[in-house]
Amino acid sequence: MGVPEQLAERMSMAEQHEYLRARFSRRTMIRGGAVTLGAVAGGAFVPGATARAAVPARDAAPAAATVDGAHVAPFGRHLAWGNDPRTEITVSWQVPVAVKKPFIRIGAHPWDLSRKIEAEVRTLYTPAGVGASGDHTQYYLHARLTRLRPGKTYYYGVGHQGFDPAEPHLLGTVGTFTTAPAHKAPFTFTAFGDEGVGYHGLANNSLLLGQNPAFHLHAGDIAYADPSGAGKTADTGFDARTWDSFLAQTETVAKQVPWMPAYGNHDMEAWYSPNGYGGEDARWTLPDNGPDRKNLPGVYSFVYGNTAVISLDANDISYEIPANLGISGGTQTKWLEGQLKKFRAAKDVDFIVVFFHHCAYCTSTAHASEGGVRQEWVPLFEKYTVDLVINGHNHQYERTDVIKAGEVTKKLPIGGTAYPETDGVVYVTAGAAGRSLYAFSAPDTYEGHEHKTDSVASFVNTKDGKVHETVAWSRVRYLNYSFLRVDVSPAPRGRQTTLKVSGIAETGARIDHFTVSRTAK
């Protein structure tokens, strides 16, 4: 359905765009959704990668015009792990206008970028009248790299005809990434949710880079191009151009630290099918080992060192914001149990970290807790003794005691240690990455400013609406901008291996810390 291979070899990006525009008129588009077009350009280390164009079901995009590539600089570079972080990574970026023959160069040294690989192009067209967007075409480029060496730092540069990062005057555009080690070793990762575009997101990004993380987890509500967040085409204020600003804002970190997102309610951009994720699919290349790549592109897993990480899509089970409720037909939960069972049995995996958007346990006055998560996933977290659950959605920092079956099994004071093999699960809401803050019904209590509160009034969103509850599990509450840092320390078999978890304020001050410990395999 795309540009025939024999034509694609002779056509520029703009010519391919025009070919597809002419071929796929309004009559061929899927009613009420968007259409995914076939191969435009292929290949990274392995051939066969395809380009995709996700467009709302409106009139076809206008013809793309190319300019002199020497006058166009790539921006918004962001990395993501493949299925195996030891050997696979994807480099993604954006260009403001159509360019010819985009590519990536990669090598072992900044002065030796001899390996040149063609990039995949994904064109996202948003016509005027979709929300607040003007008539806007975005060009996302991706190079999936495989067969890399574990624990090695690579240098890379992205470019196109007229802009070659190997040229001496462009060496300043060269970036780096480091693959996961082949064996267990200490490492750090960071996490937050609900970022958006603005000063606070930029400030947190600057602090993230200073933590030297191996990767970063984004727990959903990424750019807020759709500020309404209901996942409907009736949402107001949607502006696709917000993503241009977001990717430029995060580039300082994301160009060298794999940026691994889960999708939140503000990431359901209903004008792009399927299920509002067509735009996300254009912007990100994530591991493709989830249960349903078409309907759940933000569901995947990977293993780094001794830690398995699972990204889930809570839109699938959200009673509070039901636009995508039930889209997996139960396959996501079934897949989750399979992943938890596999990782808990794996001889090289000690810890399991799960992250997603809607909170299992939170006392925010805005969204509080999601009953769908408690119903579908919390029993599995407890059955397989998940070590840490990270959420966003509520714009503040909150950390629970150790919980099992909805009750506190062990109080976890600041500086305390949890043993999930016997105690239960710890949940952290880290949704204060940058968007406007929410509120608590109880006073803040955090490191250096503790305020003992035995119970907190809150609610949980259920299929029957809000149900009020009074909870005793809210241990740390901090109403300001912050993120999560996790230091992983492996240990010899039979010894105690640890996750040291810290809440870090935008000021750089530590607001919380605790340890998760279990016996190393």
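1. Thr462 stands opposite Gly465, a residue of strand E25, and E25 is joined to strand E24 (residues 456–462) by seven bridges, the two running antiparallel. Strands here are DSSP runs (E, at least two residues), numbered from the N terminus, and two of them pair if DSSP finds at least two bridges between them. The model is predicted, with local features needing pLDDT of at least 70 and side-chain atom pairs counting only at pLDDT 80 or more, while totals for chains, interfaces and linings use all residues. Residues are numbered from 1 along each chain as its sequence is written, and side-chain values use heavy atoms, with hydrogens and water left out.

2. Strands E24 and E25 belong to an open sheet of three strands in the order E17-E24-E25, with mixed pairing. Because strand E17 (369–370) and strand E25 (465–471) each have a single partner strand, they stand at the edges, and one side of each is left without a neighbour in the sheet.

3. Of the 521 residues of the protein, 60% count as buried, that is, under 20% relative accessible area with a 1.4 Å probe, protein chains only. Among contacts (heavy atoms within 4.5 Å) between residues at least 6 apart in sequence, 72% join residues at least 24 apart.

Terms used
Buried means under 20% relative accessible area, exposed over 50%, partly exposed in between (1.4 Å probe, protein chains only). Helices (H or I, at least four residues) and strands (E, at least two) are DSSP runs, numbered from the N terminus.
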